[in-house]
Amino acid sequence: MTTINNYEEALAFIHGRPRFKKKPTLQRMRLFLDRLGNPQKELNYVHVTGTNGKGSTVAMLRSLLMEHGLQVGSFTSPFITRFNERICLNAEPIKDDDLVAYTQRVAKVVDQLDQELTSGGPTEFEIDCAIMFCYFADVKPDVVILEVGIGGSWDPTNVIDAPIATAIVTVGYDHMKYLGNTIAEIATQKAGIIKHDSPVVIGQLPKDAVTVINKTATQKSARLYRFNQDFKATVAKPGLYLTIRYQGLQISHLQCQLGLAGDYQLENASCALTLMQITLAKLHIPLDLSAIKQAMATVSWPGRMEVVNESPLMLLDGAHNLPGIQALVKTLRDDFSDRELYLLVGILADKQYQLMMGELVSLKNAHIMLAPFTGPSNKRPSALPDEMLMGIHSRYPIQQAANWQSGLLQLSQEMSSDDVLVVTGSLYLISEVRQYLFE
C-alpha cells in the first residue's frame with residue numbers, strides 16, 4: 001500500500017507514475033472516477049483545447065468570470081513554479097495540505113487498480129485529473145475551466161458529460177506521435193471534446209481543421225462560433241500589449257486593453273470573450289462591460305510573453321513548439337524590429353527543433369544563445385546544440401553555453417539597456433529561469 005505523509009511524498013507519488021499507456025482509452029479513467037464516487041458529476045465546465053493559446057484563453061476567461069462575481073475553478077498544465085498551480089480556485093493554487101489529503105484519497109484507489117488491471121493502474125495525468133475532480137467536487141465552484149492535456153478525444157479531462165461550452169483555440173503541428181501527422185488528423189483528436197448540444201468556440205484555424213470540426217459539431221448538434229465569422233476582433237492600438245476591438249454575440253462594441261502581451265493574444269482574447277458570454281448566459285448573469293475591461297487589463301499568465309524586467313526589457317515566453325515559435329517571431333518582428341534582440345533558447349529533443357531554429361534565425365536582429373536545461377525527465381532531455389544547428393545559417397554567429405545560467409549572464413553583459421532579452425523554447429526552461437529570477 002502506498003503511504004503518503006507529506007507534500008514531498010505526494011509529489012513523488014504523482015510524478016513516479018507512468019506518463020502514457022500503449023493504447024489510448026477513457027475506460028481506465030472512468031473506472032478510476034467511479035471508484036472515487038464520480039466526483040466529476042454535477043459541476044459546470046468549460047472545456048478548452050488547442051495546440052497553443054489554451055492556457056492564455058483559460059487565464060482570461062477565469063479573470064472575466066471572477067470579475068462577474070463567480071467562484072471559478074481552473075485546471076491547467078504544465079505548471080511553471082509549483083505543481084499546485086495546476087489546480088486553482090479563483091486563481092489561488094490548491095493548498096499543500098489539501099493536495100496531500102486528496103492525493104492520499106486517490107492513492108488508495110490507484111493501489112487497487114494497479115492490482116486489478118492487466119495494463120496497470122492510472123497514469124500521472126489521470127491522477128492529476130482525479131485529484132482535481134475530487135477537490136472541485138468538495139469546494140463546488142460555480143464554473144470549472146478545464147484545459148486539455150494533449151489532444152482531446154482520449155485526454156483524461158474528456159470524461160465530463162455536458163460542458164457549458166467547449167473551445168478549440170488553435171490547431172497546429174505538435175504531439176504528432178499521439179495525434180497524427182496531418183492537420184485533419186490532429187483536428188479530429190481535438191474535436192473529440194465536442195459534446196452533444198454544447199456550443200463550440202473556435203479560433204482562426206486552418207481550413208482542413210475547420211472542415212473536421214464543423215462536421216463533428218453538426219453531428220453533435222453543437223452550435224459553432226467561428227472567429228471572424230460569428231465573433232470578430234481587431235487591433236485598435238498595436239504594441240506589446242494590444243488594445244483590441246471586439247464584437248460578437250451580445251456585445252456590439254467593446255474596446256479593451258489586454259494584460260497579456262503578444263500579437264497572438266488577439267484571437268485568444270476573442271475566444272475568451274465569446275466563452276464568457278455563453279457561460280454567463282447559461283448561468284443567467286448579466287454582462288458588465290466595466291468588469292470585462294478590468295478583467296482583460298489585469299489578467300496575468302506566467303511564462304507567456306511575460307515581462308520580468310523593464311530596462312533592459314526581458315521577456316519569458318514558453319514557445320515550446322513550432323506554432324508557438326512562429327507566433328513569437330511575428331510579435332518580435334512587429335514590435336521590436338528597431339531593437340537588437342538577444343535570445344536564450346532551449347528546446348526539448350522531442351520537438352521540431354530545427355524548424356523552430358529556422359524561424360528564429362529569420363529575425364535579422366537576433367543574437368542567439370543556445371543553452372541546455374534539465375527537462376522533465378531523463379527520457380525527455382533538451383536538444384543538443386550541434387543537432388539544433390544542423391543546416392542552420394544566421395546573420396550573427398550562434399553561441400552555445402555550458403548551461404543556461406552562464407548563457408543568461410553572458411547575454412546580459414553583451415546587451416545594452418535599449419536591447420531586448422527573450423528566454424524561449426521550452427516551458428521547462430522558462431520554469432527554471434523564472435524560479436531563479438524570483439527566488
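Visitor: Which residues touch the most other members of the largest nonpolar core?
Guide: This is a predicted model, and its largest nonpolar core has 43 residues. Leu65, Leu273, Met276 and Met296 touch the most other members. Helix 9, residues 265-282, gives the most to this core, with nine residues.

Visitor: What is Leu273 in contact with, leaving aside its neighbours within four places in sequence?
Guide: Its contacts are Leu64, Ile244, Tyr246, Leu254, Ile292 and Met296. Another core lies apart from the largest one; this other core has 39 residues, including Ile4, Leu33, Ile87 and Cys129.

Visitor: Now the rings. Why is the pair of Phe231 and Tyr246 called tilted?
Guide: A ring pair is described by the distance of the centres and the angle of the planes. For Phe231 and Tyr246 the planes stand at 35° and the centres are 6.5 Å apart. Stacked would need planes under 30 degrees apart and edge-to-face over 60, so the pair is tilted.

Visitor: What does that pair tie together?
Guide: Phe231 lies in strand 9 (residues 231-237) and Tyr246 in strand 10 (residues 243-248), so the pair ties together parts that are 15 residues apart in sequence.

Visitor: How do you know whether Phe231 and Tyr246 are buried or exposed?
Guide: Buried means under 20% relative accessible area. Phe231 has 0%, so Phe231 is buried. Tyr246 has 1%, so Tyr246 is buried as well.

Visitor: How many aromatic pairs does the structure hold?
Guide: There are eight aromatic pairs. One of them joins Tyr102 and Tyr135, with 5.7 Å from centre to centre and 80° between the planes. Because the cut-off for edge-to-face is over 60 degrees, this pair is edge-to-face. Tyr102 sits in helix 4 (residues 96-116) and Tyr135 in helix 5 (residues 124-139), 33 residues apart, and the pair links these distant parts of the chain. Ring pairs also join Tyr102, Tyr135 and Phe136 into a cluster.

Visitor: What makes Tyr102 count as buried?
Guide: Its relative accessibility is 11%, and the limit for buried is under 20%, so Tyr102 counts as buried. Tyr135, at 8%, counts as buried too.

Visitor: Let us turn to charged side chains. What makes Asp114 and Arg17 a salt bridge?
Guide: The limit is a nitrogen within 4 Å of a carboxyl oxygen. For Asp114 and Arg17 the N to O distance is 2.9 Å, so their side chains meet in a salt bridge. Asp114 is in helix 4 and Arg17 in the loop between helix 1 and helix 2, 97 residues apart. In all, the structure holds 12 salt bridges.

How values were computed. Residues numbered from 1 in each chain as written. Predicted model: local features only at pLDDT ≥ 70, side-chain atom pairs only at ≥ 80, totals over all residues. Heavy atoms only, no water. Phe/Tyr/Trp six-rings, centres within 6.5 Å; stacked < 30°, edge-to-face > 60°. Helix = DSSP H or I, 4+ residues; strand = E, 2+ residues; numbered from the N terminus. Buried < 20%, exposed > 50% of the residue type's maximum accessible area, 1.4 Å probe, protein only. Core = buried A, V, L, I, M, F, W, Y, C linked by side-chain atoms within 4.5 Å. Contact = heavy atoms within 4.5 Å.
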